[in-house]
Every structure is written in C-alpha cells, then in structure tokens.
Amino acid sequence: MAKSRIIGAKAHAGRLKKLTGQAMVREVGKALFAAGELIQVEAQISITAGAVSGKQHKPSSPGEAPNNDTGTLAGAIETNQVAPLVVEVSSNAPYAAALEFGTSRMESRPYMQPARDAKRREVEQLVRRAVDKAVKSSKSGDA
C-alpha cells in the first residue's frame, strides 16, 4: 500500500497550535466579557424601565421583570470574568435569586434569563467574530 503524504500539514498544524494558544483565548475572552456586559445592561434596563421608586412604587406582576424601587437589584448586577473563557453575570442583591426564580410564597419575576435570551444572537455574533478574527490571523501569521 502506498504511503500518503498530506501537503501543507506542517503549516496547518502551526495554525491549529495558534488557535489553541493565548491569542485565541484572549480574543474570545474579550468577546465573552463584552457579551456579559450586554446581558448585564439588558437586565438593568428591564428592571429600571418605567419603574417608579419610593411611595409610588408598584411591584411588578408575576412573570415580569421586577420594577425598580431602591436601585439595589439593578445596581448589584455585575459581569465578572472568572476564567479566561468563562464569564458570569450575576446580582449580589440579597433577594436576587428569589425574584429570578420565585419562592414558595412569591412567583418569579425573572430578569436575568430574559436578558440572556434577548441578547443571544448578539452574543453569538460577538463570539463568532472573535473566532473568525483569530482564525484569519492564524492564516496570515499575525497571531
């Protein structure tokens, strides 16, 4: 049986090494952080849009995002890069989980999951562009 030889194997292996290297991780990590910030802002907007604070505050209906009252919930939402390719968007408000998921005494008023869902396409595009950029630079030798 004849021995086959892959033409360009060395160059292809070099590109694959670049794609798994720090340049790719850095590029995609930046895109993931930007995506997290998009979700954060969307969640904050869903809480603060049209809400009335103070004596005129009216709680939201079950299934709707919470209406802003003191600003604690919206102000406590943050985006953190916990690993090079892992980003978390969370709220540190003590009642954040109860509002998002509900309790035995209160129906949920989700704000994070709808924000994530609303920004899904934008997030996918950001990450896709970052991967495409890294792939193109691996071909040109710029990475």
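Student: What makes the side chains of Q40 and T79 a polar contact?

Tutor: Their side chains come to 2.7 Å. A polar contact is a pair of N or O atoms within 3.5 Å, where, within protein, one must be able to donate a hydrogen and the other to accept it, and residues adjacent in sequence count only if both atoms are side-chain atoms. So 2.7 Å passes the distance cut-off. Mind you, this is a predicted model, where local features need pLDDT of at least 70 and side-chain atom pairs count only at pLDDT 80 or more, while totals for chains, interfaces and linings use all residues. Residues are numbered from 1 along each chain as its sequence is written, and side-chain values use heavy atoms, leaving out hydrogens and water.

Student: How do you know that the length of α2 fits a helix?

Tutor: Helices (H or I, at least four residues) are DSSP runs, numbered from the N terminus. The expected span is 1.5 Å times one less than the number of residues. For the 27 residues of α2 that gives 39 Å, and the end C-alpha atoms are 39 Å apart, so the two agree. Q40 sits in this helix, by the way.

Student: Why is the pair E27 and K133 called a salt bridge?

Tutor: A salt bridge needs a side-chain nitrogen of Lys or Arg within 4 Å of a carboxyl oxygen of Asp or Glu. The closest N and O atoms of E27 and K133 are 3.5 Å apart, so they qualify. E27 is in α2 and K133 in α5, so the bridge ties together parts 106 residues apart in sequence. At 18%, E27 is buried, whereas K133, at 48%, is partly exposed.

Student: What makes E42, K119 and E122 a network?

Tutor: Salt bridges link the three. K119 reaches E42 at 3.8 Å and E122 at 2.9 Å. Both values are within 4 Å, so both count. K119 and E122 are 3 residues apart in α5, which means about one helical turn. K119 is buried at 15%, while E42 at 26% is partly exposed, as is E122 at 35%.

Definitions and conventions: Helix = DSSP H or I, 4+ residues; strand = E, 2+ residues; numbered from the N terminus. Buried < 20%, exposed > 50% of the residue type's maximum accessible area, 1.4 Å probe, protein only.
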